[in-house]
Amino acid sequence: MISRMVPTKITGPLNAVLARLPESAADHLVLGYRMVRAIAVSNVSDRAMTLAAQAFTSILPVLLLLTTIPGDGVLDRTIMMFSLDGLVLGHPDSPGSYASFGIAGAFMTIVSATSLARALDRMYVGVWGVRSTGLRGWWRWLTVVAVLALATTAQAVVVLDYNEDGGRMVFALIWTFVIWMLAWTAVPRILTVRQLAAPDLWSIGALAGAGLTVFMAITQIGYAQVFHSARASFGSLGMVFAAIGWLFVFTAIVVVATVLAQVIRTPNDSDDALVEEPVELRSDYASG
C-alpha cells in the first residue's frame with residue numbers, strides 16, 4: 001500500500017487563507033469548517049424528523065396518560081405548551097379517568113413510548129460511533145422516556161412570560177437552560193452506557209441546553225400564534241401538524257448539538273490540513 005494526497009475542491013483558497021492567519025485564528029477556522037462539514041453530512045433533517053415523529057407518538061401519549069391521574073394542574077400546563085389541552089383523556093380530577101383508560105392501555109402506551117429512546121440510541125451510534133445498548137438495555141429506554149417526560153413537565157413549571165419583570169425572566173431562562181442541559185446530559189449517559197466521557201456528555205448537554213433555551217424563548221414570542229392559528233383554521237389536524245413542526249425544530253437542535261459536541265470533543269488530525277485527504281491506493285494500481 002502506498003499513500004497519495006488528493007486535493008479537494010477548496011485546497012488552494014483555504015490554504016492561502018490559513019497561511020496568512022495567526023495560528024489561533026487558523027485553528028478556529030479549521031474547527032468552524034469541521035463543524036459545517038459535519039452538520040452537512042449528518043442528515044440532520046432526516047434524523048430530526050424521525051425523532052420528532054417518535055417524540056409525538058412517545059412522550060405526548062405518556063403525558064396525556066398522566067393527566068388522567070388526579071392531582072394538580074402541572075401536567076395540564078405541560079399539555080397546553082403544545083396547545084393539545086383539548087386532547088386530555090378525561091378530567092384530571094376524575095378518579096375514574098385512569099381506570100377507564102385501563103391498565104393494559106397504560107402499559108402499551110409506556111412500551112410504545114420507547115421508540116423515541118431507540119431512535120436516540122441509533123443517533124448516538126451514528127454520530128459518536130458507540131455500541132448500541134440492544135434489547136438488554138430495555139430498561140434504559142424506559143428511563144430515557146421518564147427523563148424527557150420529567151424535563152417537559154419541569155419546563156411547564158418554569159413559565160417564560162415576557163410580561164414579567166426582567167429579573168424573573170432571567171431566572172426563568174436560567175432554569176430553562178439547566179433543565180434541558182441536565183436532561184440532554186443524562187439521556188446520552190443512559191443510552192451509551194459509559195462509552196462517552198463526562199466532558200463529552202456535558203458538552204452535548206450544554207450545547208443542547210443553550211440551543212433549546214433560545215428556542216423556548218422564541219416560541220413564546222411567535223410560535224404560540226402559529227399554534228392558535230393552526231387550531232382556529234384546521235382544528236385538531238392543524239394542532240397535530242403545528243406540534244410536529246415544533247418538535248422537528250426541537251429535535252433538530254438536539255441533533256445539531258450532538259454533532260457539534262462530537263466535532264469539538266474529537267480532534268481529527270487529518271482535518272488539520274483541512275484541504276487534503278489521504279487516500280490509500282493499491283500498489284498494483286499505483287504502479288500502473
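## Asp121 in helix α7

Asp121 sits in helix α7. This is a predicted model. The residue has a relative accessible area of 4%. That is under the 20% cut-off, so Asp121 counts as buried.

Two side-chain partners stand out for Asp121. Its side chain makes a polar contact with the side chain of Ser132, at 2.8 Å. A polar contact also links the side chains of Asp121 and Thr133, at 3.4 Å. Setting aside residues up to four places away in sequence, Asp121 touches Ser132, Thr133, Gly134 and Leu191. Leu191 lies 70 residues from Asp121 along the chain, yet their C-alpha atoms are separated by 6.1 Å.

## Helix α7 against helix α8

Helix α7 also packs against helix α8, which spans residues 138–157. The angle is about 105 degrees, and the axes are 8 Å apart. Angles of 65 to 115 degrees count as roughly perpendicular, so α7 is roughly perpendicular to α8.

From α7, the contact uses Thr114, Leu116, Ala117, Arg118 and Leu120. From α8, Trp141, Leu142, Val144, Val145 and Leu148 take part. By class, this contact has 8 nonpolar, 1 polar and 1 charged residues.

## Ile179 in helix α9

Helix α9 covers residues 166–192 and holds Ile179. What is the relative accessible area of Ile179? The value is 12%, so Ile179 is buried.

Beyond its neighbours within four places in sequence, Ile179 is in contact with Ala151, Ala154, Gln155 and Val158. Ile179 and Gly209 are 30 residues apart along the chain. Their C-alpha atoms are separated by 7.5 Å.

## Asp200 in helix α10

Asp200 belongs to helix α10, residues 198–234. Is Asp200 buried or exposed? Its relative accessibility is 10%, so Asp200 counts as buried. Leaving aside neighbours within four places in sequence, the contacts of Asp200 are Trp128 and Arg265.

## The chain as a whole

The protein chain contains 12 helices and 2 strands. Along the sequence, the pattern reads β-α-α-α-α-α-α-α-α-α-α-α-β-α. The chain has 288 residues, and 40% of them count as buried. Asp121, Ile179 and Asp200 are each buried.

The protein chain averages a pLDDT of 74. Of its residues, 62% score at least 70. Which element has the highest confidence? Helix α7, residues 114–128, reaches a mean of 92. Asp121 is in this helix. At the other end is strand β1, residues 2–7, where confidence is lowest at a mean of 36.

One is residues 1–9. Beyond near neighbours in sequence, this stretch has 23 contacts in the model. The other is residues 85–101. Again beyond near neighbours in sequence, residues 85–101 have 37 contacts in the model.

Definitions and conventions:
Residues are numbered from 1 along each chain as its sequence is written. This is a predicted model: local features need pLDDT of at least 70, side-chain atom pairs count only at pLDDT 80 or more; totals for chains, interfaces and linings use all residues. Side-chain values use heavy atoms; hydrogens and water are left out. pLDDT is the predictor's confidence in each residue, from 0 to 100. Helices (H or I, at least four residues) and strands (E, at least two) are DSSP runs, numbered from the N terminus. Contact means heavy atoms within 4.5 Å. Buried means under 20% relative accessible area, exposed over 50%, partly exposed in between (1.4 Å probe, protein chains only). A polar contact is a pair of N or O atoms within 3.5 Å; within protein, one must be able to donate a hydrogen and the other to accept it, and residues adjacent in sequence count only if both atoms are side-chain atoms. Axes are lines fitted to C-alpha atoms, for helices over the stretch in contact, and angles run from 0 to 180 degrees between N-to-C directions. Angles under 35 degrees count as roughly parallel, over 145 as roughly antiparallel, 65 to 115 as roughly perpendicular and the rest as oblique. Ala, Val, Leu, Ile, Met, Phe, Trp, Tyr, Cys and Pro count as nonpolar, Asp, Glu, Lys and Arg as charged, and the others, Gly among them, as polar.
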